[in-house]
Amino acid sequence: MKHIFRFLAAVAVMLFVACACAKEGTRRFEGNYTFKTGGTLSVRPVTDNSTDNSAELSDMAIVPESGQMDIVTTDKSSGGMIVTMNILGGTVVTFDAKADGSILTLSPIKRQVTLSPPNLSSDLLRPLADVEVCGYGERFENIIIFRLDYKGHYTYSGTEYEIVGSAVDCVAKMN
């Protein structure tokens, strides 16, 4: 019986140490990553009647973006972080972020994204959407999966569209 209690005590100590060593907060997310972002936006034409929500919804793909991401701590005690995304062939995007346990929340930013209408062969005709982007990320092993929320509008072929929903993910793999 004495051996069983010793064994259980040893197991309890090992579990406590394993849980105490798990990275949480800013330490969980810090690092350099390679990322790719892609997904679709749910859009609807803007009508003259601002209370009319009956316009047909359609999906519009965003042009995928990839590049290098750095996540650095700005304030360890509050969980403050900065996420920079250096997009290949594009611009740099910078989010203020907050790490809380196992979640990294991205504060909203304004930017432009390029859309990819179906059956369009020319890159010159792709519409640019003015969007506000926010979201959150969760780290699994050496990958962070960000779920991004896009809001905004754009004009295409003389019609103004509003973004009413999004299904956009960013997958970042630690280098």
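Which residues line the second largest cavity? Met-69, Val-83, Met-85, Phe-95, Leu-106, Phe-146, Leu-148 and Cys-170 do.

## Basis

This is a predicted model, in which local features need pLDDT of at least 70 and side-chain atom pairs count only at pLDDT 80 or more, while totals for chains, interfaces and linings use all residues. Residues are numbered from 1 along each chain as its sequence is written, and side-chain values use heavy atoms, with hydrogens and water left out.

Cavities and pockets are found on a 1 Å grid over the protein atoms alone: a cavity is a set of points where a 1.4 Å probe fits but cannot get out, a pocket is an open set with protein on both sides within 12 Å along at least five of seven lines, and lining residues have an atom within 4 Å of a point. Grid points are joined across faces, edges and corners, and a volume is the space filled by probe spheres set on the points.

## Cavities

The structure holds two cavities of 30 Å³ or more. The largest has a volume of about 50 Å³, and its lining consists of Thr-37, Glu-65, Met-85, Ile-87, Val-93, Phe-95, Arg-111, Val-133, Leu-148 and Tyr-150. Two or more of these residues come from each of β4 (80-87), β5 (92-100) and β8 (143-156); strands (E, at least two residues) are DSSP runs, numbered from the N terminus. By class, seven lining residues are nonpolar, one is polar and two are charged (Ala, Val, Leu, Ile, Met, Phe, Trp, Tyr, Cys and Pro count as nonpolar, Asp, Glu, Lys and Arg as charged, and the others, Gly among them, as polar).

The second largest cavity has a volume of about 30 Å³. β4 and β8 each supply at least two residues of its lining, which has eight nonpolar residues, no polar and no charged.

## Largest pocket

The largest pocket contains about 250 Å³ of space. It is lined by 14 residues, of which Glu-65, Ile-87, Gly-90, Arg-111 and Thr-114 are the closest to its centre. β3 (65-75) and β6 (103-116) are the elements that give two or more residues to this lining, and β6 has the largest share, with four. The lining divides into six nonpolar, six polar and two charged residues.

## Lys-36

Lys-36 lies in strand β1 (residues 31-45). Lys-36 counts as exposed because its relative accessibility is 51% (exposed means over 50% relative accessible area, with a 1.4 Å probe and protein chains only).

Beyond its neighbours within four places in sequence, Lys-36 is in contact (heavy atoms within 4.5 Å) with Pro-64, Glu-65, Ser-66, Asp-169, Cys-170 and Val-171. Lys-36 and Met-85 are 49 residues apart in sequence, and their C-alpha atoms are 10.0 Å apart in space.

Note on methods: Buried means under 20% relative accessible area, exposed over 50%, partly exposed in between (1.4 Å probe, protein chains only).
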